[in-house]
Amino acid sequence: MFTTQYILQQVFNGVVFGAMYALLALGMTIIYGILRLIHFAHGALITVGAFCFYVCFALLGIPFAGAIVIVIGFGALMGVILDVIAYKKVVGGPEVSMLITSLGFYIFIENLIKLIASPQPYAFHPPAFFEKLYKKGLVTFRTIDLFIVASSIAIMLVFNLFVKKTRMGKAMRAVSESGEAARIVGINIGRVISFSFIVASAIAAVTGFMWGAKYGQISYSMGFMSGVKAFVAIVIGGVGSIPGAMFGGFILGILEMFSVAFLPPGYAGYRDGIVFFILIIILIVRPSGLLGQKEAES
Amino acid sequence: MASTTKNINNEDRPGIPRGVLALIGIAVLFALLWGSTKVFSRYIVFIVSLIGVYVVAAESLNLTNGYSGLFSLGHAGFMAVGAYTSALLTFPVEMREVFALSPLPNWLGGPQFHWPFFPALIAGGLFAMALAFIVGVPVLRLRGHYLSVASLGLMVLITSLAMNLRNVTRGSIGINSIPKYTNIYWAWGWAVVTVYVVWRVVNSSFGRAMMAIREDVSAAQVQGINPLKYRLLSFAIGAFFAGVAGGLYGHLSGAIRPYGFSFDLTFQIVIMVVLGGMGTIQGPIAGAATLIVLRYILKPVEEGLKVYGLVELIYATLLIVVMIYKPEGILGRRVLRK
């Protein structure tokens with residue numbers, strides 16, 4: 001019933017989506033590690049990134065490379081804003097107040113975009129060379145697919161090196177292991193938090209461009225589900241583990257694609273439902289995720 | 001409404017027993033409600049009833065999120081369960097075929113039967129409660145955070161079922177022409193019941209155990225409190241009343257759609273609780289009243305100026321400002337922070 005070609009094609013599509021989930025999950029897991037915060041507003045940053053690219057590239061006619069740089073810069077700026085306005089003021093309170101603030105920021109950003117850009121979705125055209133179609137062997141793909149997979153793997157590799165080799169990277173790992181201990185050995189936690197927000201937000205903004213280019217349209221609400229699914233990816237991979245988050249992203253992408261591709265057509269509408277069903281099953285069977293360590297209850 | 005809550009919170013008032021005061025408060029409340037149906041337009045009465053429904057929803061979320069230190073984001077999902085269950089049970093027999101709704105199976109009374117309103121509401125609440133148990137048992141063993149995501153996931157799962165089980169729920173069209181049983185007395189009657197139950201729970205050894213867990217899990221465990229049991233019960237009781245609120249809502253507006261129970265609804269209830277003051281009896285009541293009134297004042301502005309999203313934007317701004325400057329909410333009392 002399903003040819004090898006069909007299956008390979010679905011695996012490939014899954015990997016493309018998985019790469020984007022992995023990038024989002026990477027940012028969210030850094031923030032979760034350091035603040036123990038499920039950063040709902042993270043999803044909003046992909047909307048911001050996508051619309052920022054749309055404005056720069058389609059409306060202002062800035063060349064692609066320039067537009068991407070602006071998207072990264074704007075994402076980083078959003079990270080600074082989130083950090084300064086929201087979390088600096090709320091940090092230190094109960095965990096739940098950060099969660100609520102993050103939720104508030106998500107709704108704020110989403111509705112600001114809805115208000116400015118209208119609730120209608122926009123057609124999103126990446127530069128023409130991204131749309132070029134290839135038929136290599138058994139799979140068909142566009143340049144954008146290669147771009148997404150290659151650049152996300154590159155970002156993950158660079159980030160892994162960064163975390164292992166640099167002072168700031170080591171400080172981030174220390175803080176996520178134990179904030180108290182990190183403070184005692186003289187790590188400036190405030191700086192680590194700010195830095196994490198900036199990096200995570202910049203990555204999310206770029207992911208927004210990829211998301212728009214892959215789907216071909218952007219809308220004010222595109223960030224919510226992807227943000228929450230990124231957290232599902234984290235849980236699948238194992239909370240607190242950076243490789244786990246990326247791994248979980250890919251697994252989620254492939255599973256989601258398979259749930260659409262291999263179930264009877266009537267079930268396609270269950271796509272999001274299936275993702276959360278997987279989440280609940282994982283929480284029951286293996287709450288520490290595939291690569292994670294057991295997190296102490298608190 | 002205000003008088004009831006005031007009485008409830010006067011711990012040591014000499015003279016008249018609190019129970020009597022509360023009854024007088026409730027009597028005054030219902031006299032006022034009766035008066036309002038005589039004085040105001042149907043539109044205003046509808047809004048007042050809606051406030052009652054949201055008091056049920058917000059107060060039940062408050063039990064979970066305010067008193068037990070969990071943070072559920074699935075309230076809209078439980079409301080959807082209650083709304084769909086009760087609507088499907090009460091839908092009149094003679095209209096079922098026209099509206100492409102299948103007749104009730106035999107174990108629910110058979111094709112020639114539709115349920116009266118009250119048992120249908122209870123059934124919706126119990127169904128929501130059962131779901132809360134099923135999801136709660138595995139998830140509540142974990143760190144509190146997981147509940148936020150798992151309950152959100154449950155909500156998405158429920159709405160996607162409501163959207164796709166077309167021969168039961170009619171999919172994205174939703175169900176309309178639900179008999180409008182909910183009136184101002186039903187809504188506020190349940191509001192009073194919910195407030196009473198939450199108040200009784202909170203002011204019992206059960207509630208003290210819950211709050212002990214909220215403040216410090218390890219310390220509570222040392223005292224012999226089993227966190228899972230109390231968290232699970234507070235989550236499940238919250239879900240029951242959320243289901244009832246959903247049923248009331250369906251029978252108030254007469255129409256329900258899967259999209260109506262999305263994250264926006266959860267967010268609205270969360271902000272009612274947070275704004276008014278999590279972990280207080282009066283907070284969610286004030287929050288529900290304020291936000292509903294605000295919504296209906298701003299709605300014409302939003303539509304007139306075509307600035308869709310304005311109401312949510314203002315909600316979100318309020319939420320962020322409150323979290324930064326008065327995290328305990330407008331009517332909340334400052335508690336010792338960890």
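**Exercise 1. Helix packing in chain A**

At roughly what angle do the axes of α1(A) and helix α10 (residues 242-261) of chain A cross, and within what distance do they come?

Solution. This is a predicted model; local features need pLDDT of at least 70, side-chain atom pairs count only at pLDDT 80 or more, and totals for chains, interfaces and linings use all residues. Residues are numbered from 1 along each chain as its sequence is written, and chains are lettered from A and ligands numbered from 1 in the order in which they are written.

Step 1. Two packed helices are described by the angle between their axes and the distance between the axes.

Step 2. Helices (H or I, at least four residues) and strands (E, at least two) are DSSP runs, numbered from the N terminus. Axes are lines fitted to C-alpha atoms, for helices over the stretch in contact, and angles run from 0 to 180 degrees between N-to-C directions.

Step 3. Read the values. The axes of α1(A) and α10(A) cross at roughly 140° and come within 6 Å.

Step 4. Sort the contact by class. α1(A) and α10(A) meet through 17 nonpolar, 8 polar and 1 charged residues. Ala, Val, Leu, Ile, Met, Phe, Trp, Tyr, Cys and Pro count as nonpolar, Asp, Glu, Lys and Arg as charged, and the others, Gly among them, as polar.

**Exercise 2. Helix packing in chain B**

Describe how α6(B) packs on α12(B).

Solution. Step 1. Helix α6 covers residues 117-139 of chain B, and helix α12 covers residues 227-253 of chain B. Their axes come within 7 Å and cross at roughly 145°.

Step 1. α6(B) passes α12(B) in a right-handed crossing.

Step 2. The residues of this contact divide into 20 nonpolar, 7 polar and no charged.

**Exercise 3. The core**

Find the residues with the most contacts inside the largest nonpolar core.

Solution. Step 1. A nonpolar core is a set of buried Ala, Val, Leu, Ile, Met, Phe, Trp, Tyr and Cys residues joined through C-beta atoms within 7 Å. A residue is buried if 20 or more other C-beta atoms lie within 10 Å of its own, exposed if 12 or fewer, and partly exposed in between, with C-beta atoms placed from the backbone.

Step 1. The largest core has 209 residues, and A22(A), A25(A), M79(B) and L248(B) have the most contacts inside it. Helix α1 (residues 4-35) of chain A gives the most to this core, with 16 residues.

Step 2. Look around A22(A). Beyond four places in sequence, its partners include S152(A), M156(A), A233(A) and F250(A) (in contact: C-beta atoms, placed from the backbone, within 7 Å).

**Exercise 4. Helix length and burial**

Check the span of helix α13 (residues 263-276) of chain B.

Solution. Step 1. The expected span is 1.5 Å times one less than the number of residues. For the 14 residues of α13(B) that gives 20 Å, and the end C-alpha atoms are 20 Å apart, which agrees.

Step 1. 13 of the 14 residues are buried, so α13(B) is largely enclosed by the rest of the structure.

Step 2. Just after α13(B), G277(B) takes a positive phi of about 130°.

**Exercise 5. Two arginines**

Is R36(A) buried or partly exposed? Where does R170(B) lie?

Solution. Step 1. R36(A) is in the loop between α1 and α2 (41-59) of chain A. R36(A) is partly exposed, with 19 other C-beta atoms within 10 Å. Its phi is positive, about 55°, although R36(A) is not a glycine.

Step 1. R170(B) lies in the loop between α8 (166-169) and α9 (184-202) of chain B. Its phi is near 65°, a positive value in a residue other than glycine. R170(B) is partly exposed, with 19 other C-beta atoms within 10 Å.

Technical notes
Contact = placed C-beta atoms within 7 Å. Left-handed = near helix turned anticlockwise from the far one by under 90°.
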